Each structure stands twice: as C-alpha cells, then as structure tokens.
Amino acid sequence: MEFILASQSPARFGVLRAAGVDPVVRVSGVDEDAVAAAVVDPTPERVVGVLAEAKARKVVLAGDDAVVVGCDSMLHFDGELVGKPGTAEVARERWGKLVGGTGVLLTGHAVLRVVGGEVVGSATGVESTTIRFGRPTAAEVDAYIASGEPLSVAGAFTIDGLGGWFVDGVDGDPSSVIGISLPLTRRLLGEVGISVTRLWRCTN
C-alpha cells in the first residue's frame, strides 16, 4: 500500500522517513486562500482541518490503492491565524510580535483510504501545540529573515532548523510543529482500518 503525502514540505517528508515510512509526494496545488475563505464557521481548528482534507482529496488519482495524508499548519497568535509570511517584510512584522510571546501551532490532518481510485474511508483531526518564543535580538531576527527560512513556513518559524534557536519551549507534540503529528496520524490511520506498522519500510 502506497503512502501518499499531499505536501511538498521537506520537513513533513523528513519526519515520515525518520519514522520508517517512504511517502510518495504529490503536491496538491490547492488555492489555500480560496479554500480558507469558503470555510463555514471558520474557527482556527476548522480552517486547518478543511485545508488538510482539501489537499488530500486533490491528489487522489484513478486507480490508486493507497493511504493519502494531507496536512496544513497555521499559527494562532494574538487572536490571529497566520500561515506562511511569503515576504521578508511580513516575516519581520510577525517576529516583531512573536518575540517573548506564546502562540498555538495548529496542524490539521486528513487521512484518506483509497481503493481503485475511490475514497472508501476518511478521518480528520487537529493537533494543537503551544509554542513559547524566546527573545532574539533585532540583529538575530534580521539574520534569521535574511536566511530565507521563515518566509515559507507556517508562523515564520521552525523548531527543527535555524528557528529552533529562538524557541524557548514546546508544550505538546513536537512532530506536529515540524509539520505532521505522528501520534495523531497513527490514530487517524486506525480510524480508516490501517495499522501504521503496515506502512513501515522494514515490514514491507
């Protein structure tokens, strides 16, 4: 059974590889802003959950016999739900608020069981992890932004890269902050009748 990851995130790919799974990557190309704007009752948890499922469903192809996993991460901070900053200006503005603060990184997960190209089972869930940000100096923030790393990651930070220097603590599942929660994914796989051990490369 193929494990299809509906994400181009190298961090998610790396988490799965380190945990014994060899995912096939398919990039969904979903218009995230359009999907989020169409969400009914747009609570932060619902937004990331809907986005994760949209990504997973988008990559299902005719003839697939697979499990498909989609994820979406956003940071809930100071009453605002924020994704990837995209530009250095937005990243700098965001870090001006993050320094010394606390936020919640929300990662939506969607697992689809696909047989013959048809979705025969689905399960969704959201993992919430509290992030306690440190107090980097202005020069350190400038250097971090200049590295380019925070521009393309949810909330403008990582814990498994350069951003890890500026995070004082994580309360919750660290794999979810990197991009995909292993415990939650295991539970969702179970809901569609798949044991994660079937997907480990050492048992294939």
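Guide: One place to start is Val 25, which is partly exposed, with a relative accessible area of 39%. Keep in mind that this is a predicted model.

Visitor: Which element is Val 25 in?

Guide: Val 25 sits in strand β2, residues 24-25.

Visitor: And what does Val 25 form on the surface with Phe 13 and Val 27?

Guide: Phe 13, Val 25 and Val 27 make up a nonpolar patch. Together they have about 230 Å² of accessible area.

Visitor: New topic. Is Gly 70 buried or exposed?

Guide: Gly 70 is buried, and its relative accessible area is 0%. Its place is in strand β3, which covers residues 66-77.

Visitor: What does Gly 70 touch?

Guide: Leaving out residues up to four places away in sequence, Gly 70 touches Ala 6, Ala 52, Ala 56, Gly 108, His 109 and Ala 110.

Visitor: On to the aromatics. How many aromatic pairs does the structure hold?

Guide: There are six aromatic pairs. One of them is Phe 77 with Phe 133, an edge-to-face pair at 6.4 Å centre to centre and 80 degrees between the planes.

Visitor: Where do Phe 77 and Phe 133 lie?

Guide: Phe 77 is in strand β3 and Phe 133 is in strand β6, residues 118-133, so this pair ties together parts that are 56 residues apart in sequence.

Visitor: Buried or exposed, those two?

Guide: Phe 77 is buried, with a relative accessible area of 13%. Phe 133 is also buried, at 3%.

Visitor: Why is the pair of Phe 133 and Phe 157 called edge-to-face?

Guide: The ring centres of Phe 133 and Phe 157 are 5.0 Å apart and the planes are at 85 degrees, so the pair counts as edge-to-face. The angle cut-off for that class is over 60 degrees. This pair links distant parts of the chain, since Phe 133 is in strand β6 and Phe 157 is in the loop between α5 and β7 (167-171), 24 residues apart.

Visitor: What about the burial of Phe 157?

Guide: Phe 157 is buried, with a relative accessible area of 4%.

Visitor: Which residues form the aromatic cluster?

Guide: Phe 77, Trp 95, Phe 133, Tyr 144, Phe 157 and Phe 166 form one cluster.

Visitor: Tyr 144 is in a helix, I take it. Which residues of α5 are buried?

Guide: In helix α5, residues 138-147, the buried ones are Val 141, Tyr 144 and Ile 145. They cover an arc of only 95 degrees around the axis, so they lie on the same side of α5.

Visitor: What is on the other side of α5?

Guide: Ala 139 and Ala 146 are there, and they are exposed.

Visitor: What covers the buried residues of α5?

Guide: The cover includes α4, residues 88-98.

Visitor: And just after α5?

Guide: Gly 148 comes there, with a positive phi of about 90 degrees.

Visitor: Last one, α7. Which residues are buried?

Guide: Helix α7 runs over residues 182-191, and Leu 184, Thr 185, Leu 188 and Leu 189 are buried in it. They cover an arc of only 140 degrees around the axis, which puts them on the same side of α7.

Visitor: What covers those buried residues of α7?

Guide: The cover includes β3, β5 (102-115) and β6.

Terms used:
Residues are numbered from 1 along each chain as its sequence is written. This is a predicted model: local features need pLDDT of at least 70, side-chain atom pairs count only at pLDDT 80 or more; totals for chains, interfaces and linings use all residues. Side-chain values use heavy atoms; hydrogens and water are left out. Helices (H or I, at least four residues) and strands (E, at least two) are DSSP runs, numbered from the N terminus. Buried means under 20% relative accessible area, exposed over 50%, partly exposed in between (1.4 Å probe, protein chains only). Contact means heavy atoms within 4.5 Å. Patches are made of residues with over 30% relative accessible area and no salt bridge: like charges are joined within 9 Å, nonpolar side chains (Val, Leu, Ile, Met, Phe, Trp, Tyr) within 5 Å. Accessible areas come from the Shrake-Rupley method with a 1.4 Å probe; for residues, only the protein chains shown count as cover. A salt bridge is a side-chain nitrogen of Lys or Arg within 4 Å of a carboxyl oxygen of Asp or Glu. The arc is that of the directions from the helix axis to the C-beta atoms. Rings of Phe, Tyr and Trp (its six-membered ring) pair if their centres lie within 6.5 Å; planes under 30 degrees apart count as stacked, over 60 as edge-to-face and the rest as tilted.
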